[in-house]
Amino acid sequence: MENLGVDTGAIHELITSADVGDRLRGINQLRSLDPHDAFRLIQPLSQDENSRVRYAAVSQLASLGHVNLNQAHDLLRDRLLHDSETDVRAAAADAMAALQVPFALEDLETAYHSTQDWLLQFSIIAALGALGNPAAVGLLTEALNNPQELVKLAAIGSLGELRQPESIEHLRPFVAYPDWQVRHRLAIALGQIGTLAARPLLEQLATDSAAAVAEAARTSLAQLAP
């Protein structure tokens, strides 16, 4: 495909510049190229010496990786498991999920268990919902016991996105969870799962002392099949 009005040479000069700002501008301009050309050019930038450049490149692989899913997965897997910066590793997890790489779950699980960085754990657990692999339920139910509240929230949200009925029993204890934000996310997730087994839990949440929780539960109840 010919890129009318796009100076590929100028973009190449930017992404190979010694200046970090130039490389970042070049990465942004890659969006104007044919995806195959952009994918080829962005690959070395995912291992750039500068973490901001690596982050930008890895983030853009979420939209360019469809060009070659296997190669994109290899690039993202390397950054997820080996990058020195949490932000870059989190971006790799997000990109894997956006691409819905079916064989990414093992890598995400390995990364989750190999770090004590709760921000990275949060990113991985949040990504699993978008990944769409029902086999992730096991790791998500494990993450419900994570001491970090935001990781619990992410796990509840991702279980909702996966819509697996067996998740309900694991979510049941959170109906009485002290933090109303967790109960609010639970009400939404139960509605997403949408089976009749969720109804008793939603009926309990519909009388919650927090108005936002009760409203979310009533909305989810209205969406359940009769």
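Predicted model: local features only at pLDDT ≥ 70, side-chain atom pairs only at ≥ 80, totals over all residues.

Student: OK, and which residues touch the most other members of the largest nonpolar core?

Tutor: Leu205 is one of them, along with Leu108, Ile125, Leu128, Leu190 and Leu202. That core has 78 residues.

Student: Which helix gives the most to this core?

Tutor: Helix 6, residues 86-99, which puts in nine residues.

Student: Switching topic: what about helix 2, which residues there are buried?

Tutor: Helix 2 covers residues 20-29, and its buried residues are Asp22, Arg23, Leu24, Gly26 and Ile27.

Student: And what do those buried residues pack against?

Tutor: Helix 1 (8-15), helix 3 and helix 4.

Student: What's going on at the start of helix 2?

Tutor: There, Asp19 has a side-chain oxygen that comes within 3.0 Å of the backbone nitrogen of Gly21.

Student: Next one: where does Gln47 lie?

Tutor: In the loop linking helix 3 (35-42) to helix 4 (51-64).

Student: What is Gln47 in contact with, leaving aside neighbours within four places in sequence?

Tutor: Arg54, Asp78 and Arg79. With Asp78, the side chains make a polar contact of 3.5 Å.

Student: Last one: how far apart are the C-alpha atoms of Gln47 and Val151?

Tutor: They're separated by 28 Å, and the two residues are 104 residues apart along the chain.

How values were computed. Residues numbered from 1 in each chain as written. Heavy atoms only, no water. Helix = DSSP H or I, 4+ residues; strand = E, 2+ residues; numbered from the N terminus. Contact = heavy atoms within 4.5 Å. Polar contact = N/O pair within 3.5 Å; in protein donor to acceptor, adjacent residues only side chain to side chain. Core = buried A, V, L, I, M, F, W, Y, C linked by side-chain atoms within 4.5 Å. Buried < 20%, exposed > 50% of the residue type's maximum accessible area, 1.4 Å probe, protein only.
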